[in-house]
Amino acid sequence: MKQFNSFQKNTWPEWTADVVTLFGLVVYFVQALIFAHTTVSNLDEGGYLLKGFLFVSGKYQPFDPGIWTNKAPLAFLIPGFVQSLFGAGLRTGRYLAVFFGVMAVIGMWVASRRLGGKWLAAGAVLTLALSPTVIKMYSSGATQSTIACMLAWTLALSLGEKRATWQLALGGLLAGLMILVRQNMLPVLPLLTLYTFWQNGWKGFWLLLPGAA
């Protein structure tokens, strides 16, 4: 850690870390587009896209008999709504996944920069950019990139001292909505609430209430 702090204190030009960050983001984005166009589809992502489109178009409602709602409703409704705007199909779902993946990287950069400085944030972005397995997973039309984006921005809004009330409220709302995308994200809200009370005192209620709602 001391070596890293020493590295950050070197007389690098102010813009160096930003250039590294932008380079990492571009590398991530290019790989994500390649994977979105070349990865063979599977039944899982097809189920999300088809069910989402059927739900949004009104042919079925979540939990109706005749179609298996095996995940939380927003897992289907989010890609279904986007398909209603830009057209049904795998390409729309994949582009949505790429968008969420890029936003997840940006959210992680925001949180990392606040907690560890600009070089730690640049390193985090570069690490993701050099992880093709992760990028491939986040370029599929399933829920992985959706959750990654929501979690990254939940943490970006909530972590650190002296968070504004609106940031805590929005972070809590995202933490609550994550549960409606994937049920296994349920622990995030109570754990984040405990952290917020510890870090910001009674302002933690501004995170808890929107999340619980």
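**Labels and their cut-offs**

Modeller: Let's start in helix α10, where Tyr195 and Trp198 sit 3 residues apart, about one turn of the helix. This is a predicted model, where local features need pLDDT of at least 70, side-chain atom pairs count only at pLDDT 80 or more, and totals for chains, interfaces and linings use all residues. Residues are numbered from 1 along each chain as its sequence is written, and side-chain values use heavy atoms, leaving out hydrogens and water.

Biologist: Why is Trp198 called exposed?

Modeller: Its relative accessible area is 65%, and exposed means over 50%, buried under 20%, and partly exposed in between (1.4 Å probe, protein chains only). Tyr195, at 22%, is therefore partly exposed.

Biologist: What makes the pair of Tyr195 and Trp198 tilted?

Modeller: Rings of Phe, Tyr and Trp (its six-membered ring) pair if their centres lie within 6.5 Å; planes under 30 degrees apart are stacked, over 60 edge-to-face, and the rest tilted. Here the centres are 5.9 Å apart and the planes are at 50°, so the pair is tilted.

Biologist: How do you know that α8 is roughly parallel to α10?

Modeller: The axes of α8 (residues 144-158) and α10 (residues 188-200) come within 12 Å and cross at roughly 15°. Angles under 35 degrees count as roughly parallel, over 145 as roughly antiparallel, 65 to 115 as roughly perpendicular and the rest as oblique, so α8 is roughly parallel to α10. Tyr195 of α10 is one of the residues making the contact (heavy atoms within 4.5 Å).

Terms used:
Axes fitted to C-alpha atoms, helices over the stretch in contact; angles between N-to-C directions. Helix = DSSP H or I, 4+ residues; strand = E, 2+ residues; numbered from the N terminus.
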